Every structure is written in C-alpha cells, then in structure tokens.
Amino acid sequence: MIKVSAPGKLMLFGEHAVVYDKPCIVVSVDHRISVSIEKRNDNNLILTAPELDIKDKNISDLEKTHFKKVRFILTVIRNFFKKYDVKSGLDIKTKSEFSDKIGLGSSSAVVVSAIKCLSELFKIKMNEKDIFDLSYQTVLDVQGLGSGFDVAAAVYGGILFFKTAGKTIEAINIQDIPLVVGYTGIKADTPTLVKMVREKRTKEPDKINHIFNEIEKIVNSAKTEIENENWKEVGRLMNLNQNLLRNLDISSKKLEDLIKAALDAGAYGAKLSGAGGGDCMIAIVDENNLDKIKQAIEKAGGSIIDAKIPAEGAKVE
Ligand code: PMV
C-alpha cells in the first residue's frame, strides 16, 4: 500500500486576476488530505472516504448514485490509466484533516495526493510539474474552470508566485509568515463568483481589466516584500488588494467584520482569501499582537484556523 498526503492552501494575493493571465501568491497550509491505494486481484475500484460517508463502495456504482462525491477520484483514475496505459483493480482510502467547507482546497489536495500515489504504485516517474499538469487537467475536466493555484500549492508546498495554468511556478523561499486565518463559517461558492466576475468583465472590460492590472502590480510588489520579510509593507499591500476586491463586489459583511476586527486590533493588513463571499480572511500581524488579533476575530464571530503555514508539498507518508 502507498500513502501520499498533500496540504491545503490559502490565497495571499491576486485572486480572480489570476484567472486572466495575471500572477498570484499562494501559501500552503498544513491541514492535509491523504490518499492510500493498493492493487486488488480483480478489476474493482473500491473506495473508502469517511468525510464523504463512503465505506468500501464500488466507484462504478457510486458514479450512478453519487456522481458529485466521486467525480474527482474517478477522473483521476481514468486520466492516469489513459495517460500511462495501465489498469488494475484498486482499494482507495482517503482521509482529510479539514472540512471541504472552509475553502482550503480539498478537491485539489485529493487529486494531487491520488495522482502521486498512483505514480508510486505503478512505478511511473513523474516530477512535480508532471504531477501538476495531470492534476490540473483533472480539475479542469471536472469543474471546467480555475487557474490551478490550489493544485500548485498541493504539489509544491511552501509559498508560490504562480501564473495562470502554471505558466510560472516559483518558490518564495521563506520559512515563516506571521499570518492569522479567520474562518467566516460560510462556504464560498467559487464557480458562481468566478462566473460573476467573468460577466462583469464582459460588461465593463475597461474597468475590470484596470482592476486586474492594479492587482498585478500589488502581487509583484508583494513578492519582493515577502522575500524581504517586510511584514508592515506586506500588510499595506493586502489592504490595497482588499480595496480592489471590494470594487469587484465579491466581499461580504462577515468578511468585512472580521477584516475590520483584525485591523482595529493592530494587524498590518487584512483581506479575504479566495473567491470571496465567505470562506476565510487572512491578516498579516506583528508577532507580539498575534493573540490580541486572534481574539478580536473570534469576538467578531470568526473562528481561528491554526495550522503550520507554509507547509510541505505532496509527500509519501
Ligand atoms: O475559492 P478558492 O479558495 O478556491 O479561490 C478561488 C480563487 C480564484 O482566483 C477566484 C479562482 C482561481 O481558480 O484562481
């Protein structure tokens, strides 16, 4: 049996613009998803996924009754078997340290873990970029949209400067980032928000492209300031990025409440992270103020997500 785990992610800078050939900065989060696979002597694909309430079920049966639950793992297996011309019955088990409702990228982490696991099981050499490419293709096959930033975080870990579809994937080499993460308790509907921004861009191309160009400048500056560990300036850039996201109309009352609480308690900067509408907000803080800011976010109705950030990328356990 082979077991592989991959981390979750949070967007630091550049959401939405990264769908339109702009860069973003993503950080991996050490809440992991693991996938264990072993070969069977028959042709059946048997899945156990406690977080989906699935125990020892045949994936072909689940495809008919619970397609939404199994579409990622099923597409992984189909794409892998097709690309590498292999076939076998499999026992597959997944295990998640985090809920798929908080926006840490559970689908990408499961896809990446499963592909790396299959490459080990069938002894097929895949480097990180090979795993990224097949994982990203799989995510696109299932959901039809997305920049792939979440897939890159799951594969490579760390903090990444990333361009749409993995045209650039560059590690920003720092060990620590003074980040506080507050969860709104509301699940963001990423596909709907991405489509909403696309419609806005069709209606008002100049306005929206201008916002994306401004976000691009912020992302480029943030890369340098993160490398220099100049957290005050990183915080200032976060606030600017958040203002532009407000202009895209994707923030929400709850996100704004948590962001304000963090800033009032002395955070250098704060913004939503991801598609908007819910999921998490993030704040860059002075380490001395950490507890005060966490308490302020909780008082405003958020829950703190404690995890090692950044985390290691996909690895065999
Ligand atoms: O909602 P999340 O955390 O999956 O982030 C979405 C980020 C977008 O830029 C809006 C979409 C994407 O695929 O890059």
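Me: Which residue forms a salt bridge with Glu15?
Reply: A salt bridge here is a side-chain nitrogen of Lys or Arg within 4 Å of a carboxyl oxygen of Asp or Glu. For Glu15, the closest N and O atoms of the pair are 2.8 Å apart, and the partner is Lys271. By the way, this is a predicted model: local features need pLDDT of at least 70, side-chain atom pairs count only at pLDDT 80 or more, and totals for chains, interfaces and linings use all residues. Residues are numbered from 1 along each chain as its sequence is written, and side-chain values use heavy atoms, with hydrogens and water left out.

Me: How is the chain divided, and how many salt bridges are there between the domains?
Reply: The bounds come from an automatic or database domain assignment. That gives domain 1 (2-174 + 311-316) and domain 2 (179-304). Their centres, taken over C-alpha atoms, are 25 Å apart. Between domain 1 and domain 2, the salt bridge count is 3.

Me: How much area do domain 1 and domain 2 bury between them?
Reply: Buried area is the accessible area (1.4 Å probe) that two parts lose on being put together, summed over both. On the domain 1 side, Phe13, His16 and Tyr20 lose the most area to domain 2, together 27% of what that side buries. Carbon and sulfur atoms hold 73% of the total, which is about 2,700 Å².

Me: What fraction of the ligand's area does the protein bury?
Reply: Start with the atoms: an oxygen atom of the ligand is 2.6 Å from an N or O atom in the side chain of Lys9, and a ligand oxygen also sits 2.6 Å from a side-chain N or O atom of Ser147. Taken alone, the ligand exposes 380 Å², using the Shrake-Rupley method with a 1.4 Å probe. The protein buries 92% of that.

Conventions. A polar contact is a pair of N or O atoms within 3.5 Å; within protein, one must be able to donate a hydrogen and the other to accept it, and residues adjacent in sequence count only if both atoms are side-chain atoms.
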